[in-house]
Amino acid sequence: MTGNHKDTSITRRRALAVTGGTVAAGGLAVAGYQSAFADDATTTATAEAAATGGACMTLMSSVTEGPYYLDGALVRKDITEGKSGVPLTLRLTVVDATDGCTPVPGAAVEIWHCDAWGYYSGYTSANPGGSAPAESEDGSTADDNTYLRGYQIANANGVVKFETIFPGWYAPRTCHIHLKVHTGGEKEDGTYEGGKVNYTGQLFFADEIAEQVFTLEPYAKHSGTYTELDDDMVYDGGGASSGLLTLKAVHRSDPSKGYKGSLTLGVDPDAENTGAGGGGGGTPPSGALPTGTPPSDGASPSATASS
């Protein structure tokens, strides 16, 4: 399928060290949250049940924040800004892996990802690889410095929700969403300030779902070699413990109607991770620097990736 062929020339790099039994600095426990969109009132019970089953002790190390991070993302539920694509609702539950998987209210979950053609806000001149229209041709009114980036603050049950679109892809990476979990800060001037980063990681999508989505518009306008999970430089094959989302189609026979994605994130609130972590995030294909300033006063964009 054009734009979705497996690239067998990419050598798999096991970038994540998966351990068990002890919470490591910067560590994250992740478990599939099967009752993805049950009422918030059931979240605590579900998290405690996961703890009983040992899910909170499936730990993985933090990974690089990648080359497309920008400080100063906005606190908001809907991060699309008019970007077109298959709708994606994310429900993430933050729990304390060191305290029986109890919820972490007030945790700030930050996500960022590319648009349907592989472009990131702040880096719209960076070539996503393969053949894609210029980012400016998508016809949206999205702000080139802020689209598909945002924070949400966890409620009393540790739950955050985002409304976004299914990410596209860029060479040489598989389809993914970047993620940071912060604690100890507060909302200020529309963004999140202070505190510390407990975890930096990535969320992933099953190949069969991603490849189906990429046959739809506007994704189909980006052709080239799509990297599957087994060949990705970051995903280590550990399923939910490595960030693989549980996905549920809104309409089983029509993927264009969108998906609901979920995961439980078990963090150590005392740990700190700067985002420098191991594993490659891929570099901007054109080596591009941000094309604008971040949406917070005086913030300096960070575009550091591991070698």
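Mentor: A residue counts as buried under 20% relative accessible area, exposed over 50%, and partly exposed in between (1.4 Å probe, protein chains only). We are looking at a predicted model, in which local features need pLDDT of at least 70 and side-chain atom pairs count only at pLDDT 80 or more, while totals for chains, interfaces and linings use all residues. Residues are numbered from 1 along each chain as its sequence is written, and side-chain values use heavy atoms, with hydrogens and water left out.

Trainee: What is the relative accessibility of Lys-221?

Mentor: Lys-221 forms a salt bridge (a side-chain nitrogen of Lys or Arg within 4 Å of a carboxyl oxygen of Asp or Glu) with Glu-217, and their closest N and O atoms are 2.8 Å apart. Lys-221 counts as partly exposed because its relative accessibility is 45%.

Trainee: Which residue forms a salt bridge with Asp-115?

Mentor: Asp-115 is itself buried, with a relative accessible area of 2%, and the closest N and O atoms of the pair are 2.8 Å apart. The partner counts as buried at 5% relative accessibility and lies 32 residues away, in the loop between strand S3 (58–60) and S4, whereas Asp-115 is in the loop between S6 and S7.

Trainee: Which residue in S7 stands opposite Ala-108?

Mentor: Strands here are DSSP runs (E, at least two residues; helices are H or I, at least four), numbered from the N terminus, and two strands pair if DSSP finds at least two bridges between them. Strand S6 (residues 108–112) pairs with S7 in the antiparallel sense over 5 bridges, and 4 of the 5 residues of S7 (residues 149–153) are buried. Opposite Ala-108 stands Ile-153.

Trainee: Which residues touch the most other members of the largest nonpolar core?

Mentor: Such a core is a set of buried Ala, Val, Leu, Ile, Met, Phe, Trp, Tyr and Cys residues joined through side-chain atoms within 4.5 Å. The largest has 42 residues, and the elements giving it two or more include strand S4 (87–96), S6 and helix H2 (207–213). A second, separate core of 14 residues includes Ala-108 and Tyr-68. In the largest core, those with the most contacts are Leu-92, Phe-166 and Phe-214.
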